[in-house]
Structures are given as structure tokens and as C-alpha cells.
Amino acid sequence: MTIQPIAPRIVSWLLIILGACEIPWVIYLIFTQQESFQAFHLNIATSGLGIAAVVLSSLSCISLLQDWPSAPAWCVATATLVLFLASVTTLSRNVEAKVAFRPDHVPLLIAIPGAVAAGYAAFVCLRGNRAVHEVGIKIAVLVLALVALAFLARTVQHFTDPQSTAVVTRARAIVVLLDTGETVGLLGAGIASLRGRPRSTLVFSMIGGVLLICDAWTNVLTAASGLPFDSAIFYLIVGEVPSTVLCIWAAKCAVSELKERRRQRVLAVLTP
């Protein structure tokens with residue numbers, strides 16, 4: 001039996017090519033990325049990411065309650081974003097401090113239950129056995145609603161924070177971790193699409209797409225004027241925008257395929 005790619009074959013191959021090009025770039029960053037840098041417009045950057053977390057968490061709740069076919073996509077996007085925010089916040093602060101629960105650790109305490117709830121809901125929906133786990137889905141919706149409220153409060157705090165400039169430490173770890181996630185997302189989405197696996201295509205493409213958007217947003221907003229800003233715009237146009245478009249395209253194709261398969265299962269049950 002011939003395997004049909006989930007996304008158009010050219011899209012799948014472009015995802016693989018872009019992911020393969022990221023591998024030497026990640027290796028290069030491991031040895032050349034500076035350990036710290038001066039970041040600008042942090043209040044705007046963090047507020048934007050916080051608003052995105054609120055929106056995605058809310059969409060996850062609504063899609064799960066309404067049983068949308070796109071519910072797994074929103075859940076994967078939510079889990080990816082909140083883990084990204086927690087990782088950046090944790091790595092860019094002095095985590096060796098002896099205070100158990102400092103304010104800087106709050107996003108981590110928010111993100112862990114949010115990511116677990118979103119990941120669980122996505123797994124259940126993709127497996128197609130939601131009816132068996134209806135109680136678990138309702139608990140996941142409640143957790144995600146609380147996560148949305150928590151990030152809304154954090155967003156207001158960041159937006160009203162007068163400090164917009166700071167030195168970001170452990171920049172190498174943050175950048176390498178982010179670009180590695182993008183590489184995995186691009187390669188995974190392309191390979192899964194070629195193999196005709198819509199669930200894996202959906203998961204990897206949403207991971208890659210969300211991380212690419214986060215990368216572009218933070219690079220452009222926090223870069224200093226001059227060469228750093230020009231470089232951020234160059235990478236945005238050449239790499240992040242086309243890669244994000246391809247990931248969204250692959251995710252859309254995967255959702256359509258999953259929707260069609262669910263429709264066929266329903267028809268099979270109803271047909272005598």
C-alpha cells in the first residue's frame with residue numbers, strides 16, 4: 001500500500017531540509033553563543049508571550065469542552081509555550097539562590113501543571129478514547145483555566161514593570177535549547193508527514209511552529225539597535241517566517257486528516 005504524505009510532499013521535504021539546516025547551526029551556537037547579553041524591551045516581550053499563553057490556554061479549554069478536532073493542536077501549542085516561558089525564566093535567573101520559592105520561580109510552578117494537563121488532554125484526544133477519560137479531560141480543562149488566569153496576572157505584572165532592560169544570563173543554554181526544539185519540530189513534522197502519520201505530524205509541527213514564533217518575537221523585540229536588530233530581522237525573513245508557515249500548513253493538513261478519519265469512524269459505527 002502506498003503511503004500518502006499528510007501535507008503536500010514538497011512541504012514535507014522543505015520541513016526536513018530546514019530542520020537539517022538547523023543542525024549545524026545548533027552546533028555552531030554551542031561553541032559561539034555568548035553566555036549573557038543585554039536584552040531590551042523586556043516588558044513588552046514578556047507581556048506578549050504572557051498574552052499568548054493566556055490565549056492558547058483559553059483556546060485549549062474551549063476546544064476541549066466543545067470537542068473540536070483541533071483540540072490536540074491547541075493543547076500541544078499550550079504545553080510548548082508554557083514550558084518555553086518556564087525554561088527561559090528559570091535559566092535566565094540565579095537559580096542557585098537558597099530561597100525555595102522566589103517570584104522568578106512562579107512561572108515554573110504554573111507551567112508544570114499546565115503542561116501536564118495540556119499534554120494529557122492532547123494524548124487522550126489523539127488516541128480517540130476521550131469518552132473513557134471524560135473526567136480527566138474536565139480536570140485538565142480546570143487546570144488550564146487556572147493556568148490562563150495565573151498567566152494573565154503575571155502579564156499585568158510584567159506590563160506595569162518599569163524595568164524594560166536587563167542582562168539575560170545563561171543565554172547559551174536558552175538559545176541552544178530553543179533552536180534544538182525547533183530542529184526536532186521541523187524534522188519530526190517532515191518525516192511524520194512523509195510516513196502518513198497525522199498525529200505525529202500534528203505534535204511536531206505545533207512544537208516547531210510555537211518555538212519558531214517565540215524565537216522570532218524575542219529576537220526582534222529584545223535585540224539592541226544596529227547590527228543585532230538587523231540580524232534579527234534577517235533571520236526572521238529568511239528562516240523563521242517560512243519555517244513557521246510550513247509548520248502551520250503541516251498542522252492544518254494533519255487536523256484535516258484526523259477530522260476525516262474521525263468522520264469515517266463515526267460512519268462505520270452508524271452504518272449497519
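Is His41 buried, partly exposed or exposed? With a relative accessible area of 40%, His41 is partly exposed, where buried means under 20% relative accessible area, exposed over 50%, and partly exposed in between (1.4 Å probe, protein chains only). The structure is a predicted model, in which local features need pLDDT of at least 70 and side-chain atom pairs count only at pLDDT 80 or more, while totals for chains, interfaces and linings use all residues. Residues are numbered from 1 along each chain as its sequence is written, and side-chain values use heavy atoms, with hydrogens and water left out.

The protein chain contains eight helices and two strands, defined as DSSP runs numbered from the N terminus (helices: H or I, at least four residues; strands: E, at least two). Their order along the sequence is α-β-α-α-α-α-β-α-α-α. Of the 272 residues in the protein chain, 43% are buried. Contact is taken as heavy atoms within 4.5 Å; among contacts between residues at least 6 apart in sequence, 82% join residues at least 24 apart. The chain exposes about 14,400 Å², of which carbon and sulfur atoms supply 71%; accessible areas come from the Shrake-Rupley method with a 1.4 Å probe, and for residues only the protein chains shown count as cover.

His41 is located in the loop between strand S1 (37–39) and H2. Residues up to four places away in sequence aside, His41 touches Ser164 and Leu221. The C-alpha atoms of His41 and Val220 are 9.8 Å apart in space, with the two residues 179 apart in sequence.

The largest nonpolar core comprises 54 residues, a nonpolar core being a set of buried Ala, Val, Leu, Ile, Met, Phe, Trp, Tyr and Cys residues joined through side-chain atoms within 4.5 Å. Two or more residues each are given to this core by helix H1 (9–32), helix H2 (42–66), H3, H4, helix H5 (134–159), helix H6 (171–194), helix H7 (198–222) and H8. H3 gives the most, with eleven residues. The residues with the most contacts inside the core are Leu15, Leu64, Leu81, Phe84, Phe151 and Leu202. Leu64 touches Ala71, Cys75, Ala121, Cys125, Arg130, Ile137, Val141 and Leu144, not counting residues up to four places away in sequence.

The second largest pocket has a volume of about 350 Å³. On a 1 Å grid over the protein atoms alone, a pocket is an open set of points where a 1.4 Å probe fits, with protein on both sides within 12 Å along at least five of seven lines, and lining residues have an atom within 4 Å of a point. The volume is the space filled by probe spheres set on the points, which are joined across faces, edges and corners. Of its 18 lining residues, Cys125, Leu126, Gly128, Arg262 and Arg265 are the closest to the pocket centre. Helix H3 (71–91), helix H4 (106–127) and helix H8 (227–270) each give two or more residues to the lining, and H8 supplies the largest share, five residues.

Thr244 lies in helix H8 and is buried, at 10% relative accessible area. Beyond its neighbours within four places in sequence, Thr244 is in contact with Gly209, Leu212 and Ile213. Leu14, in helix H1, counts as partly exposed because its relative accessibility is 35%. Leu14 and Leu246 are 232 residues apart in sequence and 7.9 Å apart in space, C-alpha to C-alpha.
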